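Here is a short report on one protein model. Look at the sequence and the structure first, then read on.

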Amino acid sequence: AMTSYGATILEHFRRPRNHRRLESPSVAREAYNPLCGDRVRIELTIDDDAIGSAAFTANACAICTASASLLTERLAGMSVNGALQIQEEEIVAALGSDVPAGRRACATLPWNAMRQGLAEFRDRG
């Protein structure tokens with residue numbers, strides 16, 4: 001039930017930040033969680049090692065959508081290395097209320113997409 005979610009998750013689920021597609025992203029990475037059916041796509045523009053815009057689209061649960069919203073808010077203006085240093089724990093903590101152990105994968109799906117996309121971008125050099 002939605003009522004068990006904290007204010008941060010509800011706020012970002014109802015009014016997600018950066019929920020859009022970017023014109024010509026430097027990074028576009030989709031991640032899928034077959035256990036619950038969450039699908040999220042993270043798009044980033046990168047210029048001189050700095051993330052300019054960060055956006056997402058999702059067909060996902062409240063936790064995953066809120067996590068993507070929070071993550072894209074945070075990524076704008078960060079360096080690629082800075083973004084890659086964000087820890088899984090920080091993502092879960094940012095959601096503000098206890099994410100049940102069984103739902104951690106929902107919370108970290110956008111983070112995984114971001115990391116995979118940035119790693120591929122860096123390897124392309």
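## A cysteine to start with

Is C64 buried or exposed? C64 is buried, because its relative accessible area is 0%. Keep in mind that this model is predicted.

## Cysteines and disulfides

A disulfide is a covalent bond between the sulfur atoms of two cysteines. How many disulfides does the model have? The count comes to 0.

Take C36. C36 has 39% relative accessibility, so C36 counts as partly exposed. C64 is in no disulfide either. For C64, the nearest cysteine sulfur is that of C61, 5.5 Å away.

## Helix α1

Helix α1 covers residues 7-14. Which of its residues are buried? They are I9, L10 and H12. These buried residues pack against α2, which spans 62-75.

## How α1 meets α2

Two packed helices are described by the angle between their axes and the distance between the axes. For α1 and α2, the angle is about 80° and the axes are 8 Å apart. An angle of 65 to 115 degrees counts as roughly perpendicular, so α1 is roughly perpendicular to α2.

Which residues make the contact? From α1 come T8, I9, H12 and F13. From α2 come A62, I63, T65, A66, S69, L70 and E73. By class, the contact has 6 nonpolar, 4 polar and 1 charged residues.

Note on methods:
Residues numbered from 1 in each chain as written. Predicted model: local features only at pLDDT ≥ 70, side-chain atom pairs only at ≥ 80, totals over all residues. Heavy atoms only, no water. Buried < 20%, exposed > 50% of the residue type's maximum accessible area, 1.4 Å probe, protein only. Helix = DSSP H or I, 4+ residues; strand = E, 2+ residues; numbered from the N terminus. Contact = heavy atoms within 4.5 Å. Axes fitted to C-alpha atoms, helices over the stretch in contact; angles between N-to-C directions. Parallel < 35°, antiparallel > 145°, perpendicular 65-115°, else oblique. Nonpolar A, V, L, I, M, F, W, Y, C, P; charged D, E, K, R; others polar. Disulfide = S-S within 2.5 Å.
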